[in-house]
Amino acid sequence: MEKKQATVNNVFGKNIYQGSVESFEKLNKDIIPHIENFVKEKPGRVAATTDVRGNTQYTNLEEAKDNLHTDEKYKKIFNEIRKHIKIFMQIRGYDKDKFDAHIVKAWATYTGRDQHIASHKHTGSHFSLIYYVRAEEMGGVKFEEELAAQTGLFVPPTNEYITDWNQFNYASYLLEAKSGNIIIFPSILLHYTETNTKNVARISLSADVLLTMKKGIKTEHCIPHPEGWLTI
């Protein structure tokens, strides 16, 4: 199989990374039964995400599950995900001798037919990622400009005012979902998923990544290493 190259797109002045995990077919085949063992499709139009306490009534869980990155059954896939995080950090130009990247939480999403994940952003991390376990023709992820945060004079980028959409005026950016693909993006970007129109559920893993300084590195602007934290 030809190795796919990673790409980085600039969206609203932010970098979005796309890559493909090697040997993803076998990895996905191994973890799908584990995911479907504890998360099921929930009623309604919104997908089940295991990190939300309210969704666990539709699963075999007693509480929210957001620690898949520490589960031995997912060790192989997160080893691959870690490789892509390192590539992304290298592309961004971060000093590898000063920064550590921590996956602080990771969860599963399960999107049945006619379901989607509503627009949101992640507020507790620098970067977030999506890894597609099963996603062929089941709707992609769309990033959107946060127009509500804009102030001053501007023309809203809507069909009412724009007749020729191009790279200078777009307000949303769609990335197709493909099994084995990984997307890494700034957590502050608003995003949502398209509706799954297939009879098979779309499954993905999501995770949040926090950057800290390495042990012993002092800093004025960035987060010190957790080793020096005092929990109250």
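Predicted model: local features only at pLDDT ≥ 70, side-chain atom pairs only at ≥ 80, totals over all residues.
Mentor: A residue lines a pocket when it has an atom within 4 Å of one of the pocket's grid points.

Trainee: Which residues lie nearest the centre of the second largest pocket, and how many line it?

Mentor: Its lining comprises 25 residues, and those nearest the centre are Thr 49, Trp 107, Thr 109, Ile 117 and His 120. Two or more lining residues come from each of β4, β5 (127–134), β9 (190–193) and β10 (202–213). The largest share, 4 residues, belongs to β10. The space in this pocket amounts to about 340 Å³.

Trainee: How do you know that empty space is left there?

Mentor: A probe the size of a water molecule is rolled over the atoms, and this shows where space remains empty.

Trainee: What lines the largest pocket?

Mentor: That pocket holds about 430 Å³ of space. It has 17 lining residues, of which Arg 82, Ile 85, Lys 86, Met 89 and Ala 101 are closest to the centre. α2 (75–92) and β4 (99–111) each provide at least two lining residues, and α2 gives the most, with 6. By class, this lining has 8 nonpolar, 4 polar and 5 charged residues.

Trainee: What makes Gly 180 count as buried?

Mentor: The threshold for buried is under 20% relative accessible area. Gly 180 has 0% relative accessibility, so it counts as buried. Gly 180 is placed in the loop between β7 (172–175) and β8. Leaving aside residues up to four places away in sequence, Gly 180 touches Gly 19, Ser 20, Val 21, Phe 24, Asn 28, Tyr 131 and Tyr 132.

Trainee: Which residues touch the most other members of the largest nonpolar core?

Mentor: In this core of 36 residues, they are Tyr 74, Ile 77, Phe 78, Tyr 131 and Leu 205. At least two residues come from each of α1 (24–38), α2, β4, β5, β8 (181–186) and β10.

Trainee: What does Ile 77 touch?

Mentor: Beyond residues up to four places away in sequence, Ile 77 touches Val 21, Leu 27, Ile 31, Tyr 131 and Leu 205.

How values were computed: Residues numbered from 1 in each chain as written. Heavy atoms only, no water. 1 Å grid on protein atoms, 1.4 Å probe; cavity = no way out; pocket = protein on both sides within 12 Å on 5 of 7 lines; lining within 4 Å. Points joined across faces, edges and corners; volume = space filled by probe spheres on them. Nonpolar A, V, L, I, M, F, W, Y, C, P; charged D, E, K, R; others polar. Core = buried A, V, L, I, M, F, W, Y, C linked by side-chain atoms within 4.5 Å. Buried < 20%, exposed > 50% of the residue type's maximum accessible area, 1.4 Å probe, protein only. Contact = heavy atoms within 4.5 Å.
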